[in-house]
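Please examine the model shown below together with its sequence. The paragraphs that follow explain selected features of its backbone and its packing.

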Amino acid sequence: MSSEHENAGQDTKNACRSMENSRRGTDMPSLKTILVVDDNAINRIILSKILSETYVVMEAENGQVGLNLLYEHSDEIAAVMLDILMPVMNGYDFLKSIRDDARYCNLPIVVTTENSNSDSEIKALTLGAWDFVSKPYNPKIIMFRLNNAIDRSQLSALKQLKYLAEYDVLTGIYNKTKFFQVTREMLDANRSRQFVFLRFDVDRFQLINSFFGTAEGDRLLIYIAKNLEADANTCEMATYGRIESDIVGFCLPYNKEKVE
């Protein structure tokens, strides 16, 4: 990369920081930040003008500069407006760079296209793009699609947080807290009935991990969880969940006829 290009990249970074700081010094501290990645300065100016009344705007003239800004300001950036055809790093490579990074699984990437075709759109979607806007820009369409993508992102993040708060990540069944909660609710709603609580502890589970590896131990726990779920589906009502690493619980109505 030439020194001229490096200077241009550094100037862009400084300009982005300056723009961000100046806006945050005003009475708009709660505005979300949008990263605009486009090698065409005119396109960046147009997008900044469209977005600046609603968002704080950061600019990058290629995917590599955009990636550096994203890494540096990942907690602040709410969405990315991404061009595809750029020098140094194009939009596809930018998408590839963050595709498998859990930090950006809910980050909306809206691709800006000039000559869109189904092949390029499929490729971008496969790599993680959320939506597209066409050039020349229509301000209303841009704002609608960007706002919609951010709303979807926030809803997805909330659902993910709710899932993590209620479910065991490995097995997909209720974690201890949620299991006890739904079990209490089931008991309270059926006070006239008797229930049985079953506690399953995998004997010598640590030996399984030691001899066969943690991956095999995880497979065993997933297998147990799937069988619990299958058994629960045959019951009139039941709750089940993972209580500790190798301990699961199962609560269901007591049936004297089925007790051996």
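In this predicted model, Arg204 is exposed, because its relative accessible area of 57% lies above the cut-off, which is over 50%. Arg204 is found in the loop between strand S6 (195-201) and helix H8 (205-212). Its phi is positive, about 55°, although Arg204 is not a glycine.

Such a value deserves attention, because most residues other than glycine have a negative phi. Val88 also has a positive phi, near 70°, and is likewise a residue other than glycine. Val88 is placed in the loop between strand S3 (77-83) and H4.

A further backbone feature concerns the peptide bond. Most peptide bonds are trans. Lys135 and Pro136, however, are joined by a cis peptide bond, with omega about 0°. Pro136 belongs to the loop between strand S5 (131-134) and helix H6 (139-166).

The discussion now turns to the packing of two helices. The axes of helix H3 (residues 63-72) and helix H4 (residues 91-99) come within 9 Å and cross at roughly 30°. H3 is therefore roughly parallel to H4, since angles under 35 degrees count as such. Their crossing is right-handed. On the H3 side, Gly63, Gly66, Leu67, Leu70 and Tyr71 meet Phe94, Ser97 and Ile98 of H4. The residues of this contact comprise five nonpolar, three polar and no charged.

Finally, the protein may be viewed as a whole. Its secondary structure consists of nine helices and eight strands. Of its 260 residues, 42% are buried. Among contacts between residues at least 6 apart in sequence, 64% join residues at least 24 apart. The protein exposes about 15400 Å², of which carbon and sulfur atoms supply 51%.

Methods
Residues are numbered from 1 along each chain as its sequence is written. This is a predicted model: local features need pLDDT of at least 70, side-chain atom pairs count only at pLDDT 80 or more; totals for chains, interfaces and linings use all residues. Side-chain values use heavy atoms; hydrogens and water are left out. Axes are lines fitted to C-alpha atoms, for helices over the stretch in contact, and angles run from 0 to 180 degrees between N-to-C directions. Helices (H or I, at least four residues) and strands (E, at least two) are DSSP runs, numbered from the N terminus. Angles under 35 degrees count as roughly parallel, over 145 as roughly antiparallel, 65 to 115 as roughly perpendicular and the rest as oblique. A crossing is left-handed if the near helix is turned anticlockwise from the far one by less than a right angle, and right-handed if clockwise. Contact means heavy atoms within 4.5 Å. Ala, Val, Leu, Ile, Met, Phe, Trp, Tyr, Cys and Pro count as nonpolar, Asp, Glu, Lys and Arg as charged, and the others, Gly among them, as polar. Buried means under 20% relative accessible area, exposed over 50%, partly exposed in between (1.4 Å probe, protein chains only). Accessible areas come from the Shrake-Rupley method with a 1.4 Å probe; for residues, only the protein chains shown count as cover.
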